[in-house]
Amino acid sequence: EPDRSHDMKPHLALAAIVLAAAPAFAQDATRDDAARTYVDSIPMQSALDQLLSTDTYIAQVQAGGVQLDAEGTRALTDIVDEEFTDVRPELEEALTAAAAETFTIEELDALNTFYASEAGKSVAAKMAPFMQGFYASVSPTLRETQEQIATRARDALSSEGTAPDTVTE
C-alpha cells in the first residue's frame with residue numbers, strides 16, 4: 001500500500017490553522033455579543049431614541065426658521081417616524097460594529113455591568129433630560145457658531161477664488 005502521509009500534511013496544516021484561529025474567532029464572537037448587549041442597553045437605546053426623536057427633528061426644523069401649522073407638523077411627523085423606523089436597524093448595526101471595533105471585551109463587559117447596576121440605571125434614566133438641558137442651553141451658541149463658520153468659509157473660499165459662482169452637477 002502506498003504511503004499517503006504526504007496527502008495528510010495539507011489537512012493537518014489547515015486543521016492547525018483553524019485550531020489556532022479558533023480563540024480569535026471565539027473572542028470576536030464574544031466581543032460582538034458584548035457590543036450587541038451594549039447597543040441594546042437602556043442608555044444606548046435612549047440615545048438612539050433621542051437622536052431619532054420626531055420632536056427633536058421638528059424642533060430643529062423650526063429652529064431653522066421653518067414654521068409649521070398643525071397639518072404640516074402631522075405630515076412631517078408621519079414622514080420622520082417612518083424614515084427613522086426604517087433606518088434604526090442599520091444604525092444599531094453600525095453602533096454594534098463600532099463598539100466591537102473600538103472597545104475591548106473588558107471595556108464592553110464593564111460598560112454592560114455598569115448599566116445593569118442601580119447607579120447605571122439611574123444614569124441612563126437621567127441622560128435624556130441631561131442632554132435636553134445641554135442642547136437647550138447651547139443651541140443658540142451652536143447656531144450662531146455655525147452661521148459664523150458658514151460666513152467665514154464663504155468669504156475665505158470666495159477670496160481665494162475657489163468658491164464656485166454657481167453650483168453645477
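Leaving aside neighbours within four places in sequence, which residues is Val80 in contact with? Val80 is in contact with Thr54 and Tyr57, where contact means heavy atoms within 4.5 Å. The model is predicted: local features need pLDDT of at least 70, side-chain atom pairs count only at pLDDT 80 or more, and totals for chains, interfaces and linings use all residues. Residues are numbered from 1 along each chain as its sequence is written, and side-chain values use heavy atoms, with hydrogens and water left out.

The chain has six helices and zero strands. Its elements run α-α-α-α-α-α from the N terminus on. Helices (H or I, at least four residues) and strands (E, at least two) are DSSP runs, numbered from the N terminus. Of the 169 residues, 16% count as buried. Buried means under 20% relative accessible area, exposed means over 50%, and partly exposed lies in between (1.4 Å probe, protein chains only). Among contacts with a separation of 6 or more, 73% come from residues 24 or more positions apart.

Val80 is found in helix H4. Its relative accessible area is 6%, so Val80 is buried. Ile58 lies 22 residues from Val80 along the chain, and the C-alpha atoms of the two are separated by 8.8 Å.

Helix H3 (residues 54-63) and helix H4 (residues 70-102) pack at an angle of about 125°, with their axes 9 Å apart. Axes are lines fitted to C-alpha atoms, for helices over the stretch in contact, and angles run from 0 to 180 degrees between N-to-C directions. H3 and H4 are therefore oblique to each other. Angles under 35 degrees count as roughly parallel, over 145 as roughly antiparallel, 65 to 115 as roughly perpendicular and the rest as oblique. H3 passes H4 in a right-handed crossing. A crossing is right-handed if the near helix is turned clockwise from the far one by less than a right angle, and left-handed if anticlockwise. On the H3 side, the residues that meet H4 are Thr54, Tyr57, Ile58 and Val61. Their partners in H4 are Thr73, Leu76, Thr77, Val80, Asp81 and Phe84. By class, this contact of H3 with H4 has six nonpolar, three polar and one charged residues. Ala, Val, Leu, Ile, Met, Phe, Trp, Tyr, Cys and Pro count as nonpolar, Asp, Glu, Lys and Arg as charged, and the others, Gly among them, as polar.

The axes of helix H5 (residues 105-116) and helix H6 (residues 118-159) come within 4 Å and cross at roughly 80°. H5 and H6 are therefore roughly perpendicular to each other. H5 contributes Phe114, Tyr115 and Ala116 to the contact. H6 contributes Glu118, Ala119, Gly120, Lys121 and Val123. Five nonpolar, one polar and two charged residues make up the contact of H5 with H6.

Asn112 also lies in helix H5. Asn112 counts as buried, at 15% relative accessibility. Neighbours within four places in sequence aside, Asn112 is in contact with Ala34, Thr37 and Tyr38.

The structure holds five salt bridges. A salt bridge is a side-chain nitrogen of Lys or Arg within 4 Å of a carboxyl oxygen of Asp or Glu. One of them joins Asp40 to Arg36, with the closest N and O atoms 3.4 Å apart. Asp40 and Arg36 are four residues apart in helix H1 (residues 5-40), so about one helical turn separates them. Asp40 counts as partly exposed, at 44% relative accessibility. Arg36 is partly exposed too, with a relative accessible area of 22%.

Arg36 also meets Glu93 in a salt bridge (2.4 Å, N to O). This pair links distant parts of the chain: Arg36 is in helix H1 and Glu93 in helix H4, 57 residues apart. Another salt bridge is formed by Arg88 with Glu92, the closest N and O atoms being 3.2 Å apart. Both residues lie in helix H4, four residues apart, about one turn of the helix. Arg88 and Glu92 are both buried. Salt bridges that share partners join Arg36, Asp40 and Glu93 into one network.
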